[in-house]
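Good morning, colleagues. Please take a moment to look at the sequence and the structure on the screen.

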Amino acid sequence: MAYTTIDNPELYFQSKTYSGNGSTNAITLDGSENMQSDFIWFKRRDGADNHILFDDVRGVTKGLYSDLTNAEDNLADSLSSFDSNGFTLGADTGSGGSINGSSESCVAWCWKESATAGFDIVSFTGNGSARTISHSLSAKPDFFVVKGRTFGEQWECYHTSLGATKCLQWDDNSAEADLANRFNDTEPTSSVFTVGDADAVNKNTYTYITYLWRSVQGFSRFSKYTGNGNANGTFIHLGFRPAWFLVKRSDSANSWHLVDAKRNTFNPTQNGLFPDTNDGENTGNQFDFLANGVKLNSSDGGYNASGGTYI
């Protein structure tokens, strides 16, 4: 196990599975410590419904969809509050029951904003010209995603393994693209990240939200690997047992894959969800969560094609 300054990771990240009830629904997190979330990502598990993301910078009721380019929606009776150890949902008629439909099976992934744990939320207004934006990670971010709030545009993703000359999009399965006007071909620093003049990241007078993460030894890691196309698949060293794992093939078109240790409490971790689609869970994934990383147990091209490159 790698040394880490974070004694209890549940102070900064927790997953929660729950059943919707179509009415007021107060959900308590399961961890050994209370945690008030700053960012919650919701997904219905047992059917096709959009991923919905909320944060306390934009405020409750303000939903964005990782699988859509849509502008921010005002979902008045969806998320009602970020609570001291969980969250409260409303009747959820605005999103059609995506996160609290009666008897629906759902999952929520919850983050606490913290420089210690390497997560920051930044809102800004565009000016139409390449510029820097301040962040509070106190270290260079390894992954960040920018989304326009007030109009429909894609989620633009920077990843340290690809560098600032390339980007991916959360809302589709495309391969990495060389789009200089997204991050202005400029690496982020310990205090700022750069956006170009593209409407997707910096349209004049329009508002944006950015979620930024950095690797924290023993707690989180952002990296890349090469697939081997074998059921005895690649091992990805993290230095800790993961609670949440997101992977995307970067050199060709394939969906993002997302698995976690809450929905599968034993190996193989099979129940995949896909941030770029509204699909329910797919049980065909084959990941083993180990004490020091992730072992792939399938030749699936989404995460282990021979010679494929993945983040």
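Predicted model: local features only at pLDDT ≥ 70, side-chain atom pairs only at ≥ 80, totals over all residues.

Residues are numbered from 1 along each chain as its sequence is written, and side-chain values use heavy atoms, with hydrogens and water left out.

Five strands form an open sheet in the order 10-16-12-13-14, and their pairing is antiparallel. Strands here are DSSP runs of E with at least two residues, helices are runs of H or I with at least four, and both are numbered from the N terminus. Two strands pair if DSSP finds at least two bridges between them. At the edges are strand 10 (119–125) and strand 14 (168–169), each of which pairs on one side only. Six bridges connect strand 12 (residues 143–148) with strand 16 (residues 207–213) in the antiparallel sense. Within that pairing, Lys-147 has Ile-209 of strand 16 as its bridge partner.

I turn to the backbone. Where is the cis peptide bond? It joins Asn-267 and Pro-268, with omega about 0°. Pro-268 belongs to the loop between strand 20 (257–260) and strand 21 (287–290).

Two residues other than glycine have a positive phi: Ser-138, near 65°, and Asp-185, near 50°. Ser-138 sits in the loop between strand 11 (131–134) and strand 12. Asp-185 sits in the loop between helix 1 (180–183) and strand 15 (192–195). Are these residues buried or exposed? Ser-138 is exposed, at 63% relative accessible area, whereas Asp-185 is partly exposed, at 40%. The classes are buried under 20%, exposed over 50% and partly exposed in between, with a 1.4 Å probe and protein chains only.

Finally, the largest pocket holds about 1,000 Å³ of space. A pocket is an open set of points on a 1 Å grid over the protein atoms alone, where a 1.4 Å probe fits, with protein on both sides within 12 Å along at least five of seven lines; lining residues have an atom within 4 Å of a point. The volume is the space filled by probe spheres set on the points.

The lining has 46 residues, and Phe-219, Phe-240, Pro-242, Ala-243 and Trp-244 lie nearest the centre of this pocket. Strand 1 (13–19) and strand 19 (244–247) are the elements that give two or more residues to the lining. The largest share, four residues, comes from strand 19.
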